[in-house]
Amino acid sequence: MYRLLAFVFSVFSFLNTFSQESVRHQYPENLYFKGVKLHNEKAFMASSQYLRQYLNASGQKNYLTEAAFYKAINQVETGDKGGVENMEAFAKANPTHPLSSMAYFELGLYYFEKKDYAKVIRYFEKVSEDQLDIEASIEFLFKRGYSYMIKEDNEQALRDFKQVIFYEDDYVQPSVYYSGLIHTNNDRYDEALEILIEADDTDGSYGALITELIANIYFQTKKYNELIAYAAGKLTDSPNQTNRTLHRLLGETYFSKKEYRAAATHLQRHLDFSRKKMDSDGYYKLGYSYFKTGNDQGAIDNFKLAALDSDQLGQNSSFYLGKLYLKRRNYSYALSAFKTAATEGEDESIKEEALFLVGKVNYSSGQYSDAIQYLGQFNEAYPASDFSTESAELLTKSYLKTSDYDQAISHIEKSSVKTPVIKEAYQTICFQRAQQLFNDSQFAQAIDYFNRSLVYKVKPRLTSEAYYYLGESHSITNKPDMARKAYNDCQRISTSTPWYTLSSYGLAYLDYNQKSYSNAEVHFTNYINRAKKTDQYYQDAQVRLADCYFVQKKYDKALNLYKQLLDSQIPVDYLQYQIGNIHSLNDRREAAREAYLKVINRDAKSGYKDNSVYQIGESHIADGAFDNASRQFTNLIQEYPESALVPYSYAKRALSYYNLNQNEKAKNDYEYILQHYISHEVANAALLGLQELIGRGVNVDGFESYMDAFQEANPDNSSLEVVAFEAAKNQYYNQNYQKAIDDFGAFKTKYQGSSFLLDVQYFIADSYYRLGDWSKAESAFSLLITDENKSYRTRSLDKRGKSLLVLNQYDRALKNYHLLLGLASNRKEQFIAREGLMNSHFGAGSEDSTLWYADIILQEDWKPAGVEEAVWLIKGKSFLNKNQYAQAMDEFVKVINGPTDIRGAEAKYYLALSFYKQGAYKRSLETLFDLNRNYGSYAFWIGKSFLLIADNYIGLDELLQARATLQSIIDNSPDTAVVAQAKQKLDALAEAEKSVLIQDSVLVDTLSETK
C-alpha cells in the first residue's frame, strides 16, 4: 500500500513540473526524482540517501515538503525510531498541505501493525478520506472499523465494515465476518446470518471462518436440524480448523438431543482433529456419551481428563469415574475418584454418596484404617443419611481388621457407644497394637496397650494371651513382681491354653534370675512336661533346669541333662564347660580337664575358653601341680588379655609361684595387681600375699604405700563417696539420665581420685547415649577406649560406633568397628563388630563391602534372634542402590515373609520402589496398597508409600489419581516433611495438567492468523 501511495504522489509531482522544462533538468530535482523512484521500488535506505542529498543540496528546490514526507516514510519502513516522530512533526508543520492527511493515514497504518488501536483511531480521524484513492480508502475503512471493534465501539465498526462490503476487494470477506461476529455477540443472529450467508462459499482466507460462525449461530440459537443439514454439506475428512469446529458443534448438538452415539462420534472426531486435546467440558460430554452407550473404557479415558478441572464438571466426572472403576473392581482408582468428588464441586448429594463410597471401597479393598477414617467422617457429617446404617456396620467391621491400631483405638475410646461387638473389637485391637509394640521392642508402650486390652475381657483366650505378654513385658523391663502377677493371672484363666505353658517358663525365669532355684526347678519342669520338644523354648528350659540342678548340687541330674543336650542347638562350649565344672566339684579333675579342653580346642571364639583355661589352672592347684597351674594362668594372661579373669589369673599365678618358692615372680605378680587393679577384689589377696613374702624375708619396697593406696581405693561402704556414687547410679537406673549426668559430673569434680571414676565415665557416656545426644555420647565413650581400660572398652566401642552411625560419620565408624573386631573375644562381640562394619559401609555407599559383611553375618552359626531380617533388609537396599533389582527384591521378600513389624514395612516400601524403578508401576501400586493394609501403624512408611503411589500414578499418566493422592497426603499426614514433598509434587503436577486441558473455543476471531 505504501507503494501505491508513493506512486500517486510521484505522478502528481511529475505533472506539476512537466511544463517547467528548464527547472526539471536542474541537478537537485534529479536527486528528488531518483529518491522517489527508489522509494517506489522499496529501496528505502537508498531512497533516503538521495532525498537527504536533495534536501542538503544548494540551489532552487521545488519539492522540499514532498521530500520531507518521503524521507519520513522511508524511516518508518526501515524501523527507524525517529520515523514516526518525523511523520508526526511533518503533519503538524503542514496542516493545510495535502500530504498532511496522507501522513496521518501512514501513522494510522503504522500503529495498526503495532496493535495500538486507540492511536489508529486517533490518527485516522484526522485523515481526509476524499484525498485517498479507492484502494486506500477501502483499507482505511476496514482498519478503522476493526480498530473500533477492538475498542468495543461496535456501531461505528459496523458502519465502516458496511461501506467496505459494497466493493470487490480483499477486505470485503473479513468485513462480512466481523460484521457477522458483532451481530452474533450482540444476539442479533438474524442480521448476522443475513450478512454471512450471502458471503458463504466465497473464496478467501475468511471463508472457513464464515462457515464456522454460521454453524455457531445455528448452535447458539438451538436450530439443531439446520446445523446438522448445514454441516453435512461442509464436512470433509481433512483435520483442519473448520472440520474440527463443525464436529464439536455437531457433537454438542447431538449431546443436547441426547443422541449419545452420534454425539460420541463427532466429539471424538473433534478430539482427533485437535491433537488429542480438549477442554474439560468436551472431555466430560464425550465421556458421558461413551458412558451412556456402554463404552466404559472410552468413558474412563475422557472422564479422568475432565475430572482434572476443579469445577462442577470435575466433581461429576470424578463421581462417574468412581462408579466405572468400581464396576471394574479397580478399587484404588475408584477411591481417588470418589475422594475428589467428595471434596470438590457444589453438589452436596454427590459429596455425601462419594464420601460414603470412599469408606465402603476402603473396607472392600482391605484398607481398614482408611475405612475407619472416612466412615467416621461420614457418620459425623451426615448423621441422618440413607447410608448411615450400612456405614455403622462397616465401621465396626473395620475396627476388627485394621492395621492402624492407634487410629481405631482412638476412634472407639472417643465413641460414647460401647456395644458388645465394639468391646470385643477394642480388646482385639488393643492386644494387636500391644503385640506389635512388643515385637518392635517398645515394651513400656506395649504394657500400656496390654492393660487396655484387659479393660474388656470379652474373649478368654485373648485375655490369657494378653496376661502372658504383659508378664513378658514386665519381666523384660525388670519389674519382676508385676511380671509374676501377670503370669499367675494368665494361669488362673485356663490350664488348657499355650499361654499357661509359656507362663510357667516366664515364672521359671523370674525365680531363676532371683536365685530361687528350687522354685525355678518346679516351673521349668512344669514347662518341659507340658511343652512339645519342637517348641521354641524347650531346649533352653532344659539347660536352665540343668543349671538349677547344678546350683542345688544335684550334680548327677545336672550332668545327665547336660550330656543329653550335647546334640541339641544349645552351644556345646557352655555344656562342656558345665560338665567340666561338675567333674571338678566332684574331684574328678582329670575328667574335668578333658571337658575344659574340648571347649578350648573348638575353632570358634567362645566366652568360655578363658574360663576353661582358668578352671584347668585351678584343678592343677588342687592337685598340687603348681608348675602346670602357673603355665595355665600365664596362657590365660597372654592369650586372653581382655578377659575379666586376668586379675584373678595374676593372683593364682602368684600363689603358684609362692608354692614353688619362686618368690620374686610371686612378688612381681602381687605388685602388678596392686599397681593395675588396686580397686579390684583380688587387691586384698595381693596385700596378704606380699605380707607372707615379707615373712619369708623377701624385701618389698613401698609396702606401706600399697596399703595406703588400697585403703583410699576401697573406702568403707558407709563413706560419703560411696553414698554419692550409689545415689547417682540410682538416677541412671531410674532412667533419669540428665540428672544422672549432672550427679556423676559433680562426683567427678568432688572425688577426683576415686576408684569409681571409670564406672562414672561409663554411666555418663551411656546416659548421653540413651538421651540420644549422639555427639556427646561419642565423645564420652571415646574417653573409655584405652589400652588400660579393659572392662568397658568393647561396650564403649559398640555404642560409640552406633553414635557415629547416627551422626553419619561413616569413616570414623569403620575405624571404630575394625578396632572392635580386632579386640572381640567372643562370638557376640564379633557379631556386633561385623554388624557395625556392614552398617558403616552401607552408610558410606560401599555396597560391595556391605554385602560382604552381610553374608559373613548370615553364614555364622551364632547370631542374635531376628537379626536375619535386618541383614536381609540391608542387603536388599544395597542391591537396589546397584540397580540389581532381582537380587534386591529377593532380599525384601525374605524380610516381608517374617514378622509384621517395622522392618517388614520398610522392606515392603523398598520392594515397591524396586518395581517403580523398573517401570512396573502397577506391580508397585499393588505392593504399596498391601503395605497400607498390613502395616498401618507405621506412619513414616505409610507417608512415604503415598508419595510413591502418586509417582506411580504419574508414571501411568493417571493424573487425577496422582492429584487425589497428593491432596490426601496434604490433608491427612502428620509428617511435615512428607506434606512438603507432596506440595512440591502437586505444584509440578498442576503444570503437567495444563498440557492436557486446553481452553477450547469454536469461535476464532484473530486477524493475524488469517492474513
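1. Over which residues does pLDDT stay under 50, and how many contacts beyond four places in sequence does the model have for them? The stretch is residues 1-26, with 42 such contacts. Here pLDDT is the predictor's confidence in each residue, from 0 to 100. Contact means heavy atoms within 4.5 Å. Residues 1001-1011 also have pLDDT below 50. That stretch has 28 contacts in the model beyond near neighbours in sequence.

2. This is a predicted model: local features need pLDDT of at least 70, side-chain atom pairs count only at pLDDT 80 or more, and totals for chains, interfaces and linings use all residues. Residues are numbered from 1 along each chain as its sequence is written, and side-chain values use heavy atoms, with hydrogens and water left out.

3. The chain averages a pLDDT of 89. A score of at least 70 is reached by 95% of the residues.

4. Look at helix α51 (residues 902-917) and helix α53 (residues 939-955). Helices are DSSP runs (H or I, at least four residues), numbered from the N terminus. The axes of α51 and α53 come within 10 Å and cross at roughly 10°. Axes are lines fitted to C-alpha atoms, for helices over the stretch in contact, and angles run from 0 to 180 degrees between N-to-C directions. α51 and α53 are therefore roughly parallel to each other (angles under 35 degrees).

5. Residues of α51, including Tyr909 and Leu913, meet residues of α53, among them Trp941 and Leu948.

6. Gln887 sits in helix α50 (residues 885-896). Gln887 is partly exposed, with a relative accessible area of 34% (buried is under 20%, exposed over 50%, partly exposed in between; 1.4 Å probe, protein chains only).

Methods
Helix = DSSP H or I, 4+ residues; strand = E, 2+ residues; numbered from the N terminus. Parallel < 35°, antiparallel > 145°, perpendicular 65-115°, else oblique.
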